[in-house]
Amino acid sequence: MKVLLKAISYVFHPLFIPVAGTAAYFLITPKYTPLSVQGAFFFPIFVLTVIIPIITYFILRNLGLASSVFMSDLKERKYPMYVHIILLLFVIYKIIPHSNIVELYFYFVGLVIAALTALTLLFFKTKISMHLMGMGSLVMFLTSLSIHFEVNITLAISIATLLTGVVATSRLYLNAHTPIELVLGFFIGFLSQLLTIRFWL
């Protein structure tokens with residue numbers, strides 16, 4: 001059981017949330033977007049939000065500034081958060097033009113708001129679940145896309161909600177977080193997306 005729940009923590013790591021939201025957008029949107037154009041967005045987003053953070057983690061580990069991929073220590077979390085926020089801002093300003101894909105643009109704005117909130121809380125010695133923050137962001141984004149495009153993706157939203165519960169269970173079982181840290185993480189992710197939908201919904 002422990003191996004399975006640890007695997008869930010890896011599979012649903014917050015690193016994959018930007019890519020998951022990007023993929024969800026292109027799958028759900030009724031707007032026609034050629035595969036070449038989708039790839040032009042997806043590939044650099046994947047490199048910036050997955051590959052570079054992984055490389056950064058190994059550098060930090062070699063420098064003795066990180067001991068685990070889950071960054072359980074408060075101090076360890078700050079350096080990856082700085083890098084994460086910078087990379088998300090780079091995506092916003094260089095990869096996703098606001099005028100072309102407004103929904104995806106504000107999805108990343110929401111991710112930046114959530115990340116900045118999590119970073120601010122670290123300075124107050126408060127840790128939240130980044131896993132649940134990511135899942136909260138994704139659930140709200142899927143719900144918003146469903147309303148915006150008037151498409152029925154109830155099944156996808158239900159699965160995302162169920163997976164949120166599974167991820168929360170795995171984090172609790174592994175003693176990675178307290179229940180309040182999980183709840184805080186989910187609502188910070190959820191509300192950060194809720195704050196941005198007024199600009200595009």
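**View 1. Helix 5 and helix 6 pack at an angle of about 155°, with their axes 11 Å apart.** In this predicted model, helix 5 covers residues 102-123. An angle over 145 degrees counts as roughly antiparallel, and helix 5 and helix 6 are therefore roughly antiparallel to each other. Helix 5 passes helix 6 in a crossing that is right-handed. On the side of helix 5 the contact is made by Glu103, Leu104, Tyr107, Leu111, Ala114, Ala115 and Ala118, while helix 6 brings Met130, Met133, Ser137, Leu138, Phe141, Leu145, His148 and Phe149. Sorted by class, the residues of this contact between helix 5 and helix 6 are twelve nonpolar, two polar and one charged.

**View 2. Helix 3 and helix 4 cross at roughly 160°.** Helix 3 is formed by residues 35-62 and helix 4 by residues 74-95, and their axes come within 10 Å. The crossing angle makes helix 3 roughly antiparallel to helix 4, and the crossing is right-handed. Helix 3 contributes Phe41, Pro44, Ile45, Leu48, Thr49, Ile52, Pro53, Thr56 and Leu60, which meet Tyr79, Pro80, Val83, Leu87, Leu88, Phe90, Val91 and Ile95 of helix 4. The contact of helix 3 with helix 4 holds 15 nonpolar and two polar residues, with no charged residues.

**View 3. Helix 6 meets helix 8, the helix of residues 179-196.** The axes of helix 6 and helix 8 come within 7 Å and cross at roughly 35°, and helix 6 passes helix 8 in a right-handed crossing. From helix 6, the residues Leu132, Met133, Met135, Gly136, Ser137, Met140 and Phe141 meet Leu182, Gly185, Phe186, Ile188, Gly189, Phe190, Ser192, Gln193 and Leu194 of helix 8. Divided by class, the contact of helix 6 with helix 8 has ten nonpolar and six polar residues, and no charged ones.

**View 4. The second largest pocket has a volume of about 240 Å³.** The pocket is lined by 17 residues, of which Ala20, Leu138, Leu142, Ala160 and Leu163 are the closest to its centre. Two or more lining residues are given by each of helix 2 (17-28), helix 6 (130-149) and helix 7 (154-173), and the largest share of the lining, six residues, comes from helix 2. In the lining of the second largest pocket, 16 residues are nonpolar and one is polar, while no residue is charged.

Key. Residues numbered from 1 in each chain as written. Predicted model: local features only at pLDDT ≥ 70, side-chain atom pairs only at ≥ 80, totals over all residues. Heavy atoms only, no water. 1 Å grid on protein atoms, 1.4 Å probe; cavity = no way out; pocket = protein on both sides within 12 Å on 5 of 7 lines; lining within 4 Å. Points joined across faces, edges and corners; volume = space filled by probe spheres on them. Helix = DSSP H or I, 4+ residues; strand = E, 2+ residues; numbered from the N terminus. Nonpolar A, V, L, I, M, F, W, Y, C, P; charged D, E, K, R; others polar. Axes fitted to C-alpha atoms, helices over the stretch in contact; angles between N-to-C directions. Parallel < 35°, antiparallel > 145°, perpendicular 65-115°, else oblique. Left-handed = near helix turned anticlockwise from the far one by under 90°. Contact = heavy atoms within 4.5 Å.
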